[in-house]
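Subject: Structure handover

Hello,

Please find the structure below. My notes on it follow.

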Amino acid sequence: QAQKQLIAVGRRLWMRASEVLGVLHRKLRVSCGMSQASLDRSTRILRKVLASTAAHGLLQNRHLHQVIMCVVFGASKVEGDSGVTFKGIIAEHKAALDCGENIYWSVPMHKDRAKASITDSQKGNIIEFYNSVFIPACKDILLNDEKPPNSSQKSTDSTSSP
């Protein structure tokens with residue numbers, strides 16, 4: 001019973017993550033020139049990050065959208081979409097998904113679960129989080145991501161789980 005509940009939570013998490021990723025891509029495609037290749041890479045990376053035990057600490061006391069924004073930025077950089085910046089991601093995220101200002105400017109900076117209870121002095125902005133926490137935890141996933149051999153499946157399929 002507990003395993004079924006965890007699977008259901010995982011599916012809901014992936015559905016929400018996929019929805020947010022799609023919204024950001026639609027906005028960033030117009031404003032910053034985000035490519036389909038960046039969306040595809042973002043989708044693959046986000047699946048790996050959410051499924052990775054090494055990266056589970058990224059969601060501890062953080063908002064899912066913070067991780068998604070970092071995935072979008074990292075995937076876009078790897079794909080060479082130089083127009084996609086954190087400034088653009090934040091602007092489009094604010095316009096499309098009202099989550100409050102703290103999501104961008106008050107991100108917990110702990111690197112592991114043991115330090116998950118943090119003070120305000122241990123918080124930074126989304127860019128500091130990307131550089132100090134996200135990249136050390138996900139660099140290999142970002143750089144070693146390869147397109148699957150039979151990539152005919154649509155990347156924004158929200159019915160499959162990570």
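The structure holds 5 aromatic pairs; rings of Phe, Tyr and Trp (its six-membered ring) pair if their centres lie within 6.5 Å, and planes under 30 degrees apart count as stacked, over 60 as edge-to-face and the rest as tilted. One of these pairs is stacked: Phe73 and Phe86, at 4.3 Å centre to centre and 25° between the planes. This pair links distant parts of the chain, with Phe73 in helix H3 and Phe86 in helix H4 (residues 86-96), 13 residues apart. Helices are DSSP runs (H or I, at least four residues), numbered from the N terminus.

Phe86 also pairs with Tyr130, edge-to-face, at 5.5 Å centre to centre and 70° between the planes. Tyr130 lies in helix H6 (residues 126-143), 44 residues apart from Phe86. Both Phe86 and Tyr130 are buried (under 20% relative accessible area, 1.4 Å probe, protein chains only). Phe73, Phe86, Tyr130 and Phe134 form one aromatic cluster.

In H3, 13 of the 16 residues are buried. After H3 comes Gly80, with a positive phi near 85°.

His25 lies in helix H1 (residues 2-31) and is buried, with a relative accessible area of 4%. Apart from neighbours within four places in sequence, His25 is in contact (heavy atoms within 4.5 Å) with Met34, Ser35, Gln36 and Leu39.

This is a predicted model: local features need pLDDT of at least 70, side-chain atom pairs count only at pLDDT 80 or more, and totals for chains, interfaces and linings use all residues. Residues are numbered from 1 along each chain as its sequence is written, and side-chain values use heavy atoms, with hydrogens and water left out.

Regards

Terms used: Helices (H or I, at least four residues) and strands (E, at least two) are DSSP runs, numbered from the N terminus. Buried means under 20% relative accessible area, exposed over 50%, partly exposed in between (1.4 Å probe, protein chains only).
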